[in-house]
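The following paragraphs are intended as a guided reading of one protein chain. Please keep the sequence and the model in view while following them.

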Amino acid sequence: MKNKYVEIYHKLVKDIQKGEYAAGGTLPSEHDLCARFETSRETIRKALTLLSQNGYIQKVRGKGSVVLDRDKFEFPVSGLTSFKELSERLGQSFQTHVHELTLVKEAEVCRQLNCQEGSHLWKVVRSREIGGERIILDKDFLRQDLVRDLTKDIAETSLYHYIENELGLDISFAKKEIVVEPVTVEDEEFLDLNGHDQVVVIRSYVYLGDTTAFQFTESRHRPDKFQFVDFARRTKV
């Protein structure tokens, strides 16, 4: 016989799939679910945890159990895809807002990018709007000696298009780290968080074809809008 919480989980999944609880809406409170299923709060919490683990809901402070949109944007983890390329592929309306474009000295980033001590880096802070919501915050550091003459127009359009087509550099590969972190004051200022208190963060060091590191990026994503995908092939030995 199935555990009670598993039965409740499957019933709620069916309700979500039938549209009884729409994406962006909330499930009934734990108290109301206890009454509906005639069970304990502990059992309901186990069912809700299972829903969260399988991508049906997100627990949001002050809101409860928010139903997630199962048709999330697919973000290719292994690729080097610019925001403009991703948005055009998704067929979504998009806009980039440039909040900062300055020359800075960041000793640790410079060390990771093998810059000479005291070198300047471009710091570019941009929020990305898709479908009317700002759901990505990108913070980029680029070597000024390699990436020259950045302007706000270039940052709003596409850094990679400028680097590859105007500067003639060969962007080749990246090392990436993916973590989940609490939102920051900067996230709250520049993103439409919609009650979420965590973001998915992708940190990348990007290299040219000759293995020169030229860019560090921290890309912060609202968790309900993306699923991070990869393609893997088994190699027989």
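Why is strand 6 (residues 133–143) largely enclosed by the rest of the structure? Nine of the 11 residues of strand 6 are buried, so this strand is largely enclosed by the rest of the structure. Buried here means under 20% relative accessible area, exposed means over 50%, and partly exposed lies in between, with a 1.4 Å probe and protein chains only. Helices (H or I, at least four residues) and strands (E, at least two) are DSSP runs, numbered from the N terminus.

The model is predicted: local features need pLDDT of at least 70, side-chain atom pairs count only at pLDDT 80 or more, and totals for chains, interfaces and linings use all residues. Residues are numbered from 1 along each chain as its sequence is written, and side-chain values use heavy atoms, with hydrogens and water left out.

In overall terms, the protein has eight helices and 10 strands. Of its 237 residues, 42% are buried. The accessible surface, computed by the Shrake-Rupley method with a 1.4 Å probe and, for residues, with only the protein chains shown as cover, comes to about 13400 Å², and carbon and sulfur atoms account for 44% of that surface. Where contact means heavy atoms within 4.5 Å, 58% of the contacts between residues at least 6 apart in sequence join residues at least 24 apart.

Two strands are taken to pair if DSSP finds at least two bridges between them.

The two partners of strand 6 can be considered in turn. Strand 5 (residues 121–130) pairs with strand 6 in the antiparallel sense over 10 bridges, and Ile 130 has Glu 133 in strand 6 as its bridge partner. The hairpin of these strands has two residues between them, and Gly 131 takes a positive phi near 60° there. Strand 9 (residues 213–221) and strand 6 are joined by seven bridges, also in the antiparallel sense. Within strand 9, Arg 220 is the bridge partner of Leu 137, while Gln 215 is that of Leu 142.

Asn 114, in the loop between helix 5 (107–112) and strand 5, has a phi near 60° and is exposed, with a relative accessible area of 60%. Thr 211 lies in the loop between strand 8 (198–208) and strand 9; its phi is about 75°, and at 53% relative accessibility it counts as exposed.

The buried residues of helix 1 include Val 6, Tyr 9 and Leu 12, and its buried residues pack against helix 2 (30–37), helix 3 (41–53), strand 1 (57–60) and strand 2 (64–67). Just after helix 1, Gly 19 takes a positive phi of about 90°.
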